[in-house]
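The entries follow the order in which I looked.

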Amino acid sequence: GGDDVPDRAEFAVEMINTHVGDPTELATFVHAMAQWLINIAADEPTAVRSLQVLTADMLRRPWISSSTLPYCVNAFRATTGKADAAPILLRGIFRYYEILAARTSHEEAALVVFDLISRLDPPDAHRVRAAILSGELE
């Protein structure tokens, strides 16, 4: 059921962690694990929650950077099924900004996240930057 979400997402990140050295492998594993979480979810809310937990966990990993994040966004975008994964990851980046801002300042958090998203496709980067500047993700 839905209570398996944290365990499943943790397993997914552990699998991804073993393939972070090569960007193509990283993208393949992020896609595979995100798709797996969608496929095994009983319904859309469970799929969304699983992807939210996966996103939050990935964003805390030392391997997430302006170089690896675009691969992760593209991997999420390539999934199919019960949940639209890419917007969940973009919302997760905004949530990451909010958590950082609460710990530091809005300015410091914005600098960190603007750097993190600097190599995303322009529409994705714009969406996150606009959310940070307005205080909400559309």
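**Conventions.** I am working with a predicted model, in which local features need pLDDT of at least 70 and side-chain atom pairs count only at pLDDT 80 or more, while totals for chains, interfaces and linings use all residues. Residues are numbered from 1 along each chain as its sequence is written, and side-chain values use heavy atoms, with hydrogens and water left out.

**α2 and α3.** I took helices as DSSP runs (H or I, at least four residues), numbered from the N terminus, and axes as lines fitted to C-alpha atoms over the stretch in contact, with angles from 0 to 180 degrees between N-to-C directions. The axes of α2 and α3 come within 8 Å and cross at roughly 150°, which makes α2 roughly antiparallel to α3 (the term applies to angles over 145 degrees). I noted this crossing as right-handed, that is, with the near helix turned clockwise from the far one by less than a right angle. Counting heavy atoms within 4.5 Å as contact, I found Val30, Ala34, Leu37 and Ile38 of α2 meeting Ala47, Ser50, Leu51, Leu54 and Met58 of α3. These contact residues divide into eight nonpolar, one polar and no charged, where Ala, Val, Leu, Ile, Met, Phe, Trp, Tyr, Cys and Pro count as nonpolar, Asp, Glu, Lys and Arg as charged, and the others, Gly among them, as polar.

**α2 and α4.** Helix α2 (residues 23-40) and helix α4 (residues 69-77) have axes that come within 8 Å and cross at roughly 35°, and this crossing is right-handed. On the α2 side I listed Pro23, Leu26, Ala27, Val30, His31 and Ala34, which meet Tyr71, Cys72, Ala75 and Phe76 in α4. The residues of this contact divide into nine nonpolar, one polar and no charged.

**α6 and α7.** For helix α6 (residues 106-116) and helix α7 (residues 122-134) the axes come within 10 Å and cross at roughly 175°, so α6 is roughly antiparallel to α7. Ala110, Val113 and Phe114 of α6 make the contact with Val128, Arg129, Ile132 and Leu133 of α7, and these residues divide into six nonpolar, no polar and one charged.

**Pocket lining.** Which element gives the largest share of the lining of the largest pocket? I found that α5 does, with eight residues. The lining residues divide into six nonpolar, three polar and four charged.

Methods
Helices (H or I, at least four residues) and strands (E, at least two) are DSSP runs, numbered from the N terminus. Angles under 35 degrees count as roughly parallel, over 145 as roughly antiparallel, 65 to 115 as roughly perpendicular and the rest as oblique.
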